[in-house]
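Trainee: Could we go through this structure together, one question at a time?
Mentor: Happy to, let's take a look.

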Amino acid sequence: MFRRFDVIVIGGGHAGCEAVAAAHRLGCRVALITHRLETIGIMSCNPAIGGLGKGHLVREIDALDGIMGRLADASGIQFRLLNRRKGPAVQGPRAQIDRAAYRVAMQSAILSMPNVTLISDDACEILVKGTRFQGIRTGSSGDIEGASLIVTTGTFLNGVVYRGNESYEAGRDGDAATKRLRDSFNQFGLETGRLKTGTPARLSSRSIDWSKVTMQAGDERPVSFSDLTSSIHCDQVSCGITGTTEKTHDIIRTNLEKSPMYGGVIDGVGPRYCPSVEDKVVRFSDRSSHQVFLEPEGRSDDTIYPNGISTSLPFEVQDAFIRTIPGLETARVKAYGYAIEYDFVDPRQLSNTLNVSGIDGLFLAGQINGTTGYEEAAAQGLYAGVNAACFSRGVESLQIDRADGYIGVMVDDLTRRGTREPYRMFTSRAEFRLSLRVDNADTRLTPKGRDVGCVSDQRWTVFQRNAREVVSLRENLEDITITPNEAETQAIQINRDGRRRSLFSILSYPDISFDDIAAWLPKDREFATQAIERVTTDAKYAVYLERQMEQVESYRSSRNAKIPEDFEYTNIPGLSQELTEKFCHHRPETLYHAEMIDGVTPSALVLLSAHLSRHKRDQASENSQP
């Protein structure tokens with residue numbers, strides 16, 4: 001076995017797998033250290049990928065040649081485009097996944113990478129010399145040297161599982177926690193905290209009365225995650241929808257003191273947008289029912305994941321409240337739900353490449369940074385994997401900002417604002433979401449990935465072909481003009497002012513479809529569906545997109561307005577003592593970074609900007625003195 005690697009990755013979850021794959025694509029020699037090789041790529045919680053905001057992340061991972069999207073397409077058993085009736089900026093692809101098939105596909109993908117070494121061991125200590133990462137001390141494999149390290153411990157770092165009065169150390173039920181690694185973070189002086197997440201009981205499909213459940217089918221025309229997936233042809237399974245009842249809530253209220261969270265045993269903060277069923281009953285006491293989605297875990301698997309009733313109540317209480325839910329009266333529990341509490345590192349101690357500040361070559365990705373969800377973890381893993389590889393090779397890192405993609409939004413939110421609860425991606429977090437759609441992720445990010453070397457020739461060829469189709473179609477629509485009289489021949493009603501209009505401008509009208517204008521396009525040309533959909537969206541939102549591009553330019557201009565390291569904040573008239581102290585503590589690099597500090601108001605930014613301009617004028621004046 002090699003004893004020195006370009007990149008070492010700790011953890012074989014979604015973040016770790018994407019980190020390994022990304023570093024591999026950049027030609028690095030990679031070591032993956034994980035407790036058990038057979039759990040690489042396992043889906044620990046719900047058997048689904050994508051959704052609102054999350055689907056955007058998967059598309060961006062794919063645009064950077066990551067593997068999550070391709071594997072989701074290959075192992076999906078139901079595909080749905082969420083928010084289909086709303087605008088394309090907030091639509092999100094989601095797929096139910098065959099859990100076993102996904103894990104097998106991920107392991108096969110990792111094993112096929114010739115420059116990746118898998119090490120089944122416990123990572124005990126991070127070795128640092130001065131301010132630079134040197135290697136990892138393992139439990140039984142000795143010291144392993146590396147140029148860079150990516151820690152993706154998920155819920156394993158000092159993890160503790162809770163169910164009723166029962167608690168034990170674990171990274172997830174059945175897997176040992178990572179204990180000794182925390183000492184390294186303490187030694188480095190990093191601030192850590194505790195977070196919580198949970199999972200529901202798993203049920204036997206054969207024990208459910210499906211006649212009492214509303215069934216939800218997949219889309220007739222499945223939308224893929226990956227541009228490398230030409231089409232999806234599979235017999236899709238249906239999911240079920242039921243809901244809790246007042247009797248369910250009564251049982252939970254009666255037994256609240258048996259919940260570790262409400263009994264004061266768990267201190268960690270849980271995910272606000274994916275609360276436990278105990279949380280739902282307490283926080284939304286006026287609700288008589290909460291939806292429960294019955295999600296199959298695979299085609300040949302009898303297991304059902306009841307999404308919506310995550311719990312840490314004792315076995316007997318779980319049995320009791322589950323059987324008050326319509327369709328689940330005779331349900332058989334295959335595995336009981338539990339809560340898990342774990343350590344995370346305050347992500348404000350990371351740079352925008354996910355490198356720990358003050359320790360060159362040490363990167364963190366995934367739930368250790370305070371996030372929740374497969375997609376958030378995988379996106380960070382890819383980003384950290386690329387940047388760790390760039391660091392080890394001594395080349396410029398990959399930079400994705402808020403105007404480039406949701407990856408940039410997430411990294412910026414975490415490293416500038418931090419998080420007090422498990423961070424989940426939503427489209428509402430992106431101020432430029434109209435231009436950060438799922439359909440243009442390749443246009444935004446594939447060239448960036450190609451520049452740093454993480455995009456393969458195959459991906460680049462597909463991207464160029466798709467880009468040419470979009471450009472060609474748009475040029476045709478912009479070059480061909482018609483009069484109002486000509487438009488009327490196809491029942492298109494526009495202002496009869498005699499002015500010729502391009503097909504692109506006519507397509508921007510709300511009630512005009514691509515089929516309405518297709519008659520004027522060259523008969524010998526056939527345009528791809530993907531190109532038609534993207535150009536149609538660009539036409540419908542052309543005015544708004546132009547306005548948003550102006551906002552992007554303004555954002556980037558302010559983002560690049562540098563603040564000198566020795567800038568004296570105490571001299572700014574009108575700035576409150578609290579904000580003065582915050583600016584002095586954080587020492588923001590730019591006006592944009594100053595804006596990201598909690599509590600900074602628009603008026604404070606105006607004061608700071610004006611004083612900064614005055615400071616620069618004074619400096620210029622002094623420099624011009626003879």
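**Rings, core and cavities**

Mentor: In this predicted model, the count of aromatic pairs comes to six.

Trainee: What kind of aromatic pair do Phe315 and Tyr336 form?

Mentor: The centres of Phe315 and Tyr336 lie 4.8 Å apart. Their planes are at 65° to each other, and over 60 degrees counts as edge-to-face. The pair joins distant parts of the chain, with Phe315 in helix H8 and Tyr336 in the loop between strand E18 and E19. So the answer is a pair that is edge-to-face.

Trainee: Is Phe315 buried or exposed, or something in between?

Mentor: Phe315 has a relative accessible area of 38%. Buried would need under 20% and exposed over 50%, so Phe315 is partly exposed.

Trainee: And what kind of pair do Tyr569 and Phe583 form?

Mentor: Here the rings of Tyr569 and Phe583 are 5.3 Å centre to centre, with 25° between the planes. Tyr569 sits in the loop between helix H17 and helix H18, while Phe583 is in helix H18, 14 residues apart. Planes under 30 degrees apart count as stacked, so this pair is stacked.

Trainee: Are Tyr569 and Phe583 buried or exposed?

Mentor: Tyr569 has a relative accessibility of 1%. For Phe583 the value is 0%. Buried means under 20%, so Tyr569 and Phe583 both count as buried.

Trainee: What is the volume of the largest cavity?

Mentor: The structure holds two cavities of 30 Å³ or more. Residues lining the largest cavity include Lys196, Ser276, Glu278 and Tyr338. Strands E12 and E19 each give two or more residues to that lining. The volume of the largest cavity is about 50 Å³.

Trainee: Which helix supplies the largest share of the lining of the second largest cavity?

Mentor: The second largest cavity has a volume of about 30 Å³. Its lining divides into three nonpolar, two polar and three charged residues. Helices H11 and H12 each supply at least two residues. The largest share, four residues, comes from H12.

How values were computed
Residues numbered from 1 in each chain as written. Predicted model: local features only at pLDDT ≥ 70, side-chain atom pairs only at ≥ 80, totals over all residues. Heavy atoms only, no water. 1 Å grid on protein atoms, 1.4 Å probe; cavity = no way out; pocket = protein on both sides within 12 Å on 5 of 7 lines; lining within 4 Å. Points joined across faces, edges and corners; volume = space filled by probe spheres on them. Nonpolar A, V, L, I, M, F, W, Y, C, P; charged D, E, K, R; others polar. Phe/Tyr/Trp six-rings, centres within 6.5 Å; stacked < 30°, edge-to-face > 60°. Buried < 20%, exposed > 50% of the residue type's maximum accessible area, 1.4 Å probe, protein only.
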